[in-house]
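Here is a short briefing to read alongside your structure.

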Amino acid sequence: MMPPHAFLGFLIGLSLTRAAETQPDHASLKPQRVHFQSRNFHNVLHWRPGRACTGNSSLYFVQYKMYGQRQWTNKETCWGIQEFFCDLTNETSAIQEPYYGRVKTASAGIHSGWTMTRRFIPWWERAKGV
């Protein structure tokens, strides 16, 4: 016969294991393919949801900065959104300066890490549109 405290420990361990199995890990929530699309200096950040993001219960948070800046700036109108894009045209208006954007996900109380773009220079990207 198992001592009562051992059985209680077994039940707690089992419940923690099941909770871990049902909650996505941080890495599987991370947004994928975060990139800028630009057409005639209209600059929109796009991404795809992480592997564990299903349905539309996930929220996305966007930040940006100009190359050389230390601090990231929150894009207030793209803070806690459900869309997979964010218009950063006004924030990237110095067309010959390089910028970065980044996105993170929150789902079921868990936050992913940030996924960052490659360096984006509006002047170079204006005609690509992809």
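Predicted model: local features only at pLDDT ≥ 70, side-chain atom pairs only at ≥ 80, totals over all residues.

- Most residues other than glycine have a negative phi.
- Asparagine 40 is not a glycine, yet its phi is positive, at about 50 degrees.
- Asparagine 40 lies in the loop that links β1 (32–39) and β2 (42–48).
- With a relative accessible area of 65%, asparagine 40 is exposed, because the cut-off for that label is over 50%.
- Phenylalanine 41 also has a positive phi without being a glycine, with a value near 70 degrees.
- Phenylalanine 41 is placed in the loop between β1 and β2.
- The relative accessibility of phenylalanine 41 is 28%, which makes this residue partly exposed.

**The largest nonpolar core**

- In soluble globular proteins, nonpolar side chains tend to be buried together.
- Here the largest nonpolar core has 14 residues, and those touching the most other members are Leu45, Trp47, Val62, Cys86, Leu88 and Val103.
- Two or more residues of this core come from each of β1, β2, β3 (59–66), β4 (73–81) and β6 (99–107).
- The element that gives the most to this core is β3, with 3 residues.

**Around cysteine 86**

- What does cysteine 86 contact, leaving aside its neighbours within four places in sequence?
- The contacts of cysteine 86 beyond those neighbours are Asn43, Val44, Leu45, Trp47, Val62, Lys75 and Cys78.

How values were computed
Residues numbered from 1 in each chain as written. Heavy atoms only, no water. Helix = DSSP H or I, 4+ residues; strand = E, 2+ residues; numbered from the N terminus. Buried < 20%, exposed > 50% of the residue type's maximum accessible area, 1.4 Å probe, protein only. Core = buried A, V, L, I, M, F, W, Y, C linked by side-chain atoms within 4.5 Å. Contact = heavy atoms within 4.5 Å.
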